[in-house]
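Please open the structure in your viewer and keep the selection panel at hand. The tour below goes from one selection to the next.

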There are 2 protein chains.
Amino acid sequence: MKNLFFASLILFAFSTVAKAQQLKSPEGKFVMEFSLQNDGTPTYNLKYKNKEVVKTSKLGLELKDDKKSLLNDFTVVDTKTSTFDETWKPVWGEVDHIRNHYNELAVTLNQKGTDRQIVIRFRLFDDGLGFRYEFPAQKNLTYFVIKEERSQFAMTGDHTAFWIPGDYDTQEYDYTKSKLSEIRGLSQKAYTANVSQRSFSPTGVQTSLMLKTADGIYINLHEAALIDYSCMHLNLDDKNLVFESWLTPDAKGDKGHMQAPNHSPWRTIIVSDDAREILASKMTYNLNDPSKIENTSWIKPVKYVGVWWEMITGKSTWSYTNDYPTVQLGVTDFAKAKPNGTHGANNANVKKYIDFAAANGFDAVLVEGWNEGWEDWFGHSKDYVFDFLTPYPDFDVKGLHEYAKSKGVKIIMHHETSGSVRNYERHMDAAYKFMNDNGYDAVKSGYVGDILPRGENHYSQWIVNHYQYAIEKAADYKIMVNAHEAVRPTGIARTYPNLIGNEAARGTEYQAFGGSKSNHVTVLPFTRLIGGPMDYTPGIFEMDISKMNPDNKSHVNSTIANQLALYVTMYSPLQMAADTPENYNRFPDAFQFIKDVAVDWSESKYIEAEPGDFITVARKAKGTNNWFVGNVNGETPRTSNIDFSFLEKGKKYTATIYADAKDAHYKTNPQAYTIKKIVVTNKSKLSQFSAPGGGYAISIIETK
Amino acid sequence: MKNLFFASLILFAFSTVAKAQQLKSPEGKFVMEFSLQNDGTPTYNLKYKNKEVVKTSKLGLELKDDKKSLLNDFTVVDTKTSTFDETWKPVWGEVDHIRNHYNELAVTLNQKGTDRQIVIRFRLFDDGLGFRYEFPAQKNLTYFVIKEERSQFAMTGDHTAFWIPGDYDTQEYDYTKSKLSEIRGLSQKAYTANVSQRSFSPTGVQTSLMLKTADGIYINLHEAALIDYSCMHLNLDDKNLVFESWLTPDAKGDKGHMQAPNHSPWRTIIVSDDAREILASKMTYNLNDPSKIENTSWIKPVKYVGVWWEMITGKSTWSYTNDYPTVQLGVTDFAKAKPNGTHGANNANVKKYIDFAAANGFDAVLVEGWNEGWEDWFGHSKDYVFDFLTPYPDFDVKGLHEYAKSKGVKIIMHHETSGSVRNYERHMDAAYKFMNDNGYDAVKSGYVGDILPRGENHYSQWIVNHYQYAIEKAADYKIMVNAHEAVRPTGIARTYPNLIGNEAARGTEYQAFGGSKSNHVTVLPFTRLIGGPMDYTPGIFEMDISKMNPDNKSHVNSTIANQLALYVTMYSPLQMAADTPENYNRFPDAFQFIKDVAVDWSESKYIEAEPGDFITVARKAKGTNNWFVGNVNGETPRTSNIDFSFLEKGKKYTATIYADAKDAHYKTNPQAYTIKKIVVTNKSKLSQFSAPGGGYAISIIETK
């Protein structure tokens, strides 16, 4: 009784505070307003340059098996505003310093009847808004289960969206461009087949979601700092054009197990009337904690080749033998098996890639299919599928390490888990130690297929927790991680910069699985890349996959110039030259750009951008005065008009322009390119043609 | 087409083989008959001394998402019979050598239409039958999912059963004695509350199930060698009195993920017309593989005391502080917390137990509640609940280790997982290494509460796999395991003798939680102990729990003499003296038996036995000529008539008889006992009274 009485007193004392609270961004571009509805439901709205971009939207969480959800009956007991301004230096990045400048409003809410408190924290930047739920330590809110998060994003109109269907298990879809009202009708067509997938709603979409209003405002919805929480999708109420958070469930259908004190990830809304500012935004990183790795000297950008595309296209195989219907690690004797003759990761072939890497200045060679288990690795819900330690008989771990080392090249480890997450965790320490012992400092991990423990999803809290565990443990071993099929990144590479790459979207491999839309790469930087770099594996020169494997009729929907531009437009500290040495040797002049292009930058200038249509960016290679420009183009042929004012005044540069030939076309004439050299200064201008699905790449080297 | 034609040929060629196949046990006590029904359904029946004990019963497995289950349409393509006879020496046990003698029939079956083969292997001993399913390597049966195993045990009448309700999460029930036809009506009453439980059927029961026929034949149904398979329950068709296997499902409801080549555990039927032979049977161990641990010198029986009963009764606590509504490892600063003053695992108290152990010849002291996390360890589905490394501020790991070592005593580690299995596996290597570093060679592990990953059950394949993982990894670190709340044992201690104990039944702790039936310990050796030793934690001398904790009104339904007898009747290489030093010091004469009794044996003679009523056993202490006798009695007062013919001829012994006083009673007068010494030879006879819930214990020491 005593406690109850005290709680009532608090409610009374502060009930007059429950009026609207305004928050302005530092330069005043944005105004966010928080208020409580009559029934005590928290809401917010957002204005950009005096225009509403998010209408009044509800906030809260529905709880499971709790006397009351955290949805309404709230009163404001405290509000705190503050300003933050710092500049930090990323270990790697598009730029060498990032300003983190925001005004903050923290609203403490008390719930009538339960005496529970939550804090909703808003950070308003000049590129957008982040907010999250915080659950302070308290007696009446300790452990709770989230049935659903109910964060709304109420749209102001029937915007154009670039979306992929909501899915608990895959992000590997082509983007659909449509009005919000058209999503329902198009969702089935957009939900193309994948090896592990689970949709949940005909109006469910994934983040980061790119939107454009009729009056030309670009809005990006995503999340930041997704750690030990379920990954958020958005479900559209297409009558009212309101998006609402839709978390990924666990095996029992629950959406989050929480223990106070803790908090949700940030929900992010990046807004601009200039599409280039969406690409340049660092808000997602800024909402993550600073690096928790103190000594980051071992984290280095990597340009690499790999024994990979030949397996993806079906020219060679990951597996070593065709002798057995199934294999069992430690039981099946591979030394006695008959080799299938198609195994890609054999000593001779790996040495060929090492030689090629060394000859062309690459840092590393990725080798997939090196370890026992690939004969039946997929689709069987197999628990003990790999041990991450035992090579096939034709892969000499120590010998190849020595050979690579003698050539100044690293080998990149590959840990395919086949979704068998417990098995990976059981072997993780030994596997990382094996890497330390054998000179590997980076791992590509993979989560192809349905997750084990069975019933869990790729993006549920339990598995999100695993990806994080793998990153943090890798850091203990000074190992860089490039996780494929893991949850989409949300800027945690700021906190753990050893996460140098992720897939988490439809990568180049789909060009060998039937092809991706020709404008795919003009969308990805607006969506997938908002959360962090993608191991997109560009650099395909042979677009007719039947040249690799007669049985594979897939076509790469891209020109060679477009492939070159990707090294600049698809920012990543980890860049692959994905095609084979043979194919590169056929086009040595074009390949020169891949050899030259940097993988780490001090400055980036987005010159032109329109999602789905084109992106042009110029980047300055870190520690040099050299610049690299990339342009990727959508379906429509187009001419860029760019000026070189970003160059240093008074300096002269040699620009080498790798461009589509006039008759180039991603489908009919993808290998038609031109290369020309010109001298440029910061006064130069250039009109440059890009073909459908094409683009151009320019290296700009200071003349000394 | 070629393959199909070949398959048809095989079927035709062997179809005449499909008649009944008989198998006899070595001495001819048993006859098992295998046959196929007209529709190709495999069946078996079992006769004991020419009487049918299992009527014709179907065998097979229902598969999920498969074109056809493995239930019928089989033809016999091969039968193989063989004989096996070996004698092996267990590392620890009731006896120092075990004969493993059986006749075997392996029936290879081919399924029409699918061309899949399975083998049903029968091993017929002179104490019963074991059979299992084997899935050889083959093209058409590689990976498959079990929807349900369909192994029947068709009873010949409405037998008396000693049963506990089927449950996916707990085995901690009192036994109900009833006719089979009465199970349905009694099941709700039998399903008493537990912290984690999930029943599945009103006629579902657990193994090992003890049955008695109207004509005095004892039948025990259980399983052997449960490894990487779901734990079996039995569901009764109570119209036809047919038991059928009912496996424990995973989070998705599936009951087994299989990869050929592999096999099921053994299904066991132990039968005798003499109840003592059921207790003496070693069939369950014999169906397990020989030890996989080559050097077993570090595995030693243990008699121990522990900082435990005081927490169980509520006299002290596992937790260190009451300051926080929740705690977070690595965040909560326990050094700054206010101690609650009730923490049991404090240095002074632990030293008291070490002193007591040293003074009374115990090998070790178990200490629970030593590590951070007990403030909110239970009932929250908490993932990171313990790290198994970090002691509370008042527990000095190194200091206590040195102190214990100086007294010749070990400390037993405690790893409570709170069911958070992933968390335990993540910390397991470090936790075992910590044990190695700090002089611990045995661990009591616990799985209290619902399992994480959520949706899994205590006995599903995924978690059975974990228990095995923990045992095998412990063996790598030369650590002995005593797992509580883990799956019931099935004889795997033969293969991994470092598994020196399990709980997996209703232990002594329930005497402080409201009490167990007074005849509970006359049932357990017929049921729970069939699969391996139980850490029953006997030796309670103070039956009025309110003497420990005024708020706890529980009563221990047992006499002191009964408690002493348990050290002999409840065979285990791990025996606790569970009461407190204070309580033992009040009864030093009775305590003498606990000090004297052995924990490892060369011979065991079951003198009298009737489930639910009484058990009397004599055991010879390994490496000596001393014997110890134990008798436990049920509800009815009774007098044993035993002779000492098991003693060596011509030798004289001093027998000290610890017995119930005439007016002793488990409820009204539990502490009334008498002690007398007599001289015995192998010609001696003794009539010895046992009170309700009582018994007696005799030490028989050779006079030299």
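A residue is called buried here when its relative accessible area is under 20%. With that in mind, and remembering throughout that this is a predicted model, begin in chain A by selecting helix α13, residues 588-596, where A:Ala590, A:Phe591, A:Phe593 and A:Ile594 are buried. If you turn the view until you look down the axis of α13(A), the buried residues fall within an arc of 140°, so they line one face of the helix.

Stay in chain A and select helix α8, residues 421-437, together with helix α9, residues 461-476, which pack at an angle of about 5° with their axes 11 Å apart. Angles under 35 degrees count as roughly parallel, and α8(A) and α9(A) are therefore roughly parallel to each other. To see the contact itself, show the side chains of A:Val421, A:Tyr424, A:Glu425, A:Met428, A:Asp429 and A:Tyr432 in α8(A), which meet A:Ile463, A:His466, A:Tyr469, A:Ala470, A:Lys473 and A:Ala474 in α9(A). Sorted by type, the residues of this contact comprise 8 nonpolar, 1 polar and 3 charged.

Now move to chain B and select the strands β5, β10 and β19, which form an open sheet in the order β5-β10-β19 with antiparallel pairing. The edge strands, each pairing on one side only, are β5 (61-64) and β19 (257-259) of chain B, and from one strand to the next the twist averages 50°.

Which residue of β19(B) is the bridge partner of B:Phe144? Select strand β10, residues 143-149 of chain B, which 3 bridges join to the antiparallel β19(B), and there you will find B:Phe144 partnered with B:Met258.

Note on methods. Residues numbered from 1 in each chain as written. Chains lettered and ligands numbered in written order. Predicted model: local features only at pLDDT ≥ 70, side-chain atom pairs only at ≥ 80, totals over all residues. Heavy atoms only, no water. Pairing = 2+ DSSP bridges. Helix = DSSP H or I, 4+ residues; strand = E, 2+ residues; numbered from the N terminus. Axes fitted to C-alpha atoms, helices over the stretch in contact; angles between N-to-C directions. Parallel < 35°, antiparallel > 145°, perpendicular 65-115°, else oblique. Contact = heavy atoms within 4.5 Å. Nonpolar A, V, L, I, M, F, W, Y, C, P; charged D, E, K, R; others polar. Buried < 20%, exposed > 50% of the residue type's maximum accessible area, 1.4 Å probe, protein only. Arc of directions from axis to C-beta.
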